[in-house]
Amino acid sequence: MRVWVTRTEPGASRMAAALEREGIACLVAPVLKIVPTGHPLPGGSYDLAVFVSEHAAARAATERGDWTADAIVGIGEPAVAALTELCPRSRIAVATSADCVLRVLDRRSAPPRRTLVAKGEGGRGTLQSHLRQAGGLVVEWDAYRRVAAAPRVLPEAVDAIVCSSGEGVRAAARVWFAHQGSADGRVFVPSRRSEAIAREAGFRAVYVTDGAAPKAVVAAIHASKERNV
């Protein structure tokens, strides 16, 4: 089995290494590139700072803005690792998704008054909308933008596709179908939302993993192989 890993670097290489340790061959060909926006990291004091990705945390490390936060959350283990280097004296919580952050906030007696959300341009604004509706001030930092790449992929050499986001699914679909890939090619996505996007894009064999971490993707691929034996 050979899997096309579409996610951005450095996560693509980490994913491929994890899959290959499990005997799954990989084609690493990201469909999106990360480009810094050049916007400065907003300074100030915050009750909560949320870094929605490893890319946002890594950009913050290069900016060194004058900011502090009572609570810091990274979405995904790579984001937390980058934040730990950036803020070694802070307690940093890990969340699997923005929805996970929302569930935690819903259990609090009072919402944060000031929140910094470090993210890429565009994307979902569910977390920000929730915080604002609760009466909080939200400062958004667009640390980077995603730019479409155009890898050359031969569908006949690929048995499955691994995507890590809805935007990644759309970009992978453009490449896949431009090269006459089959709608029945297996696609692994991290959420129900991404599954809906994959089906809208034309894929029929879509598998939802338990998040975008390599361990979850490996488990889903092995499970799909057993079902297709």
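Close-up 1. Ile75 counts as buried at 14% relative accessibility, where buried means under 20% relative accessible area, exposed over 50% and partly exposed in between, for a 1.4 Å probe and protein chains only. The model is a predicted one, in which local features need pLDDT of at least 70 and side-chain atom pairs count only at pLDDT 80 or more, while totals for chains, interfaces and linings use all residues. Residues are numbered from 1 along each chain as its sequence is written, and side-chain values use heavy atoms, with hydrogens and water left out. Ile75 lies in strand β5 (residues 67-75), strands being DSSP runs of E of at least two residues and helices runs of H or I of at least four, numbered from the N terminus. Not counting residues up to four places away in sequence, Ile75 touches Val50, Phe51, Val52, Ser53, Ala95, Thr96, Ser97, Ala98 and Val101, a contact being heavy atoms within 4.5 Å.

**Close-up 2. Packing of helix α2 with helix α3.** The axes of α2 (residues 54-63) and α3 (residues 77-86) come within 8 Å and cross at roughly 15 degrees; axes are lines fitted to C-alpha atoms, for helices over the stretch in contact, and angles run from 0 to 180 degrees between N-to-C directions. That angle makes α2 roughly parallel to α3, a term for angles under 35 degrees, with those over 145 roughly antiparallel, 65 to 115 roughly perpendicular and the rest oblique. On the α2 side the contact is made by Glu54, Ala57, Ala58, Ala60 and Ala61, and on the α3 side by Pro78, Ala79, Ala82, Leu83 and Leu86.

**Close-up 3. Packing of helix α6 with helix α7.** Helix α6 (residues 166-178) and helix α7 (residues 192-201) pack at an angle of about 25 degrees, with their axes 9 Å apart, and are therefore roughly parallel to each other. Gly166, Val169, Arg170, Ala173 and Phe177 of α6 make the contact with Arg193, Ser194, Ile197, Ala198 and Ala201 of α7.

**Close-up 4. The cysteines Cys26 and Cys163.** A search of the whole structure finds zero disulfides, a disulfide being a pair of cysteine sulfur atoms within 2.5 Å. The sulfur of Cys26 has its closest cysteine sulfur in Cys163, 13 Å away, which is too far for a bond. Cys26 is buried, with a relative accessible area of 12%, and Cys163 is likewise buried, with a relative accessible area of 6%.
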